[in-house]
Every structure is written in C-alpha cells, then in structure tokens.
Amino acid sequence: MTEHTSETVASVVTTAGATRVRIPIHLRWGDLDALGHVNNTSMLKLLEEARLRAFWKPETGLSGPSTAILDALSVSAETMTLIARREIEYLAPVPYGQRPLDVQLWIGRIGGSSIDVCYEVYSPRGDDVQTCYARSTAVVVMVSTETGRPVRLTEEMRRAWAPIVGEPITYSHRR
C-alpha cells in the first residue's frame, strides 16, 4: 500500500495572495531525450496529467482537490473537454529526478464554454530555491459528446473553479 502525503497528492494552496492547485508529477525515464533532459513533447504529457488530476474526480477511495469535479469520460458522459489551443514557454531544461515536479495550475480566464488553464512547472518542493522550468496556457473547451459543439460551463464548475482564478500568464518571449 502506498502512503499518501501532502507531497504525493494534489492540494489547493494560497501563497503570496495567489491560489493555485499544486500537483506533484513524477518523471519517467522515458520522458528524457538524448540530451538528458525532459523532451519538449513529454512536457505536454506531464501538463495533461496535472490537468486531469486537478479537474477530474478522483477514483473511489482517493482524494483530490476541490477543483476536481469533472467525471472521467465514460460511455454515458454528456460532455467532454477538448484542448482548443496550447502555448508553452520553456525556461530551463528539466533534469531527471526521482522526486516529483511541482506543477502549479490556476485559471487565467473563465469564459462561456471554456477556461484558460495556466501552468507553471517547478523543481520539486523542498528544494532550497525552486526553479521554474516552463509556463503554459491551455484553452480547454467543454463540448457535447453527442454533437461535438461547445456547451456552457455549469454553475457547479464556476463555483468550484472561482477560487483559483488569477492573472493569466504574460509570456516574455512572445513576438
């Protein structure tokens, strides 16, 4: 049986006035490329995993953050999420390590049928100084599984996600 601590499960925390969901994400050896750091395409998979843990309800018997209100896609699901847009800025190479990365998420914008999920990927919690490796924004759209058309966010979604709304990411290298 695996013991879960605050460093192994998701949590919603407020630091320096910003409320974020913190998700520890372990690296796999296969995430590295020939240069010995996390490959850029692997980073997108790590962000996807963090997003699912932050917003999908956990399995029975497991705990999740208060933002995890979406049902995992099933045959009977009426809605699903789609990524409409993704932007990422790599700030430093991510070396392999056995301690989980500290992925922090928040919502930069809540729209009618979409949210802008903002991410920052840091070196593991507990490091003397945490390094920010990457920042990213994903536009996530709720769509009907029947029609494939966007559907409005529910009041439950808006209530659950309102505490983690913050400033969107301003990218320094945007042209």
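Arg85 is partly exposed, with 47% of relative accessible area (buried means under 20% relative accessible area, exposed over 50%, and partly exposed in between, with a 1.4 Å probe and protein chains only). The side chain of Arg85 meets that of Glu87 in a salt bridge, N to O, at 3.3 Å; a salt bridge is a side-chain nitrogen of Lys or Arg within 4 Å of a carboxyl oxygen of Asp or Glu. The model is predicted, and local features need pLDDT of at least 70, side-chain atom pairs count only at pLDDT 80 or more, and totals for chains, interfaces and linings use all residues. Residues are numbered from 1 along each chain as its sequence is written, and side-chain values use heavy atoms, with hydrogens and water left out.

By the salt-bridge rule the count comes to nine. Among them is the pair of Asp116 and Arg109, whose closest N and O atoms are 3.1 Å apart. Asp116 counts as buried, its relative accessibility being 15%, whereas Arg109 is partly exposed at 35%. A further salt bridge joins Glu49 to Arg53, with 3.0 Å between the closest N and O atoms. Both residues of the Glu49 and Arg53 pair belong to helix α1, where they are four residues apart, about one turn of the helix. Glu49 is partly exposed, with a relative accessibility of 33%, and Arg53 is also partly exposed, with a relative accessible area of 37%. Side chains of opposite charge can pair when their charged atoms come close.

Helix α1 comprises 16 residues, 40–55 (helices are DSSP runs of H or I with at least four residues, strands are runs of E with at least two, and both are numbered from the N terminus). At 1.5 Å a residue, helix α1 should span 22 Å, and the 23 Å between its end C-alpha atoms agrees with this; the expected span is 1.5 Å times one less than the number of residues. The buried residues of α1 are Ser42, Met43, Leu46, Leu47, Ala50, Arg51, Ala54 and Phe55. An α-helix has 3.6 residues a turn, so residues three or four places apart point the same way. The buried residues of α1 pack against the strands β2 (18–25), β3 (79–90), β4 (101–110), β5 (114–122) and β6 (132–144), and against helix α2 (155–161), where contact means heavy atoms within 4.5 Å. Lys45 also lies in helix α1 but counts as exposed, at 53% relative accessibility. The C-alpha atoms of Lys45 and Trp106 are separated by 18 Å, the two residues being 61 residues apart along the chain.

Six strands form an open sheet in the order β1-β2-β4-β5-β6-β3, with antiparallel pairing; two strands pair if DSSP finds at least two bridges between them. The edge strands, β1 (11–15) and β3, each pair on one side only. From one strand to the next the twist averages 30°, with axes taken as lines fitted to C-alpha atoms (for helices over the stretch in contact) and angles running from 0 to 180 degrees between N-to-C directions.

Strands β1 and β2 run antiparallel and are joined by five bridges. Ser11 has Arg22 of β2 as its bridge partner, and Val12 is partnered with Val21 in β2. The two strands form a hairpin with two residues between them, and Ala16 in the turn has a positive phi of about 50°. Strand β2 also pairs with β4, in the antiparallel sense and over five bridges; here the bridge partner of Arg22 is Gln104 in β4. Strand β2 is mostly covered, seven of its eight residues being buried.

The count of aromatic pairs comes to two, where rings of Phe, Tyr and Trp (its six-membered ring) pair if their centres lie within 6.5 Å, and planes under 30 degrees apart count as stacked, over 60 as edge-to-face and the rest as tilted. The rings of Trp29 and Tyr96 have centres 5.5 Å apart and planes at 80°, so this pair is edge-to-face. Trp29 is in the loop between β2 and α1 and Tyr96 in the loop between β3 and β4, so the pair ties together parts 67 residues apart in sequence. Trp29 counts as exposed at 65% relative accessibility, and Tyr96 is partly exposed at 35%. The rings of Phe55 and Trp161, with centres 5.4 Å apart and planes at 80°, are likewise edge-to-face. This pair links distant parts of the chain, Phe55 in helix α1 and Trp161 in helix α2, 106 residues apart. Phe55 and Trp161 are both buried.
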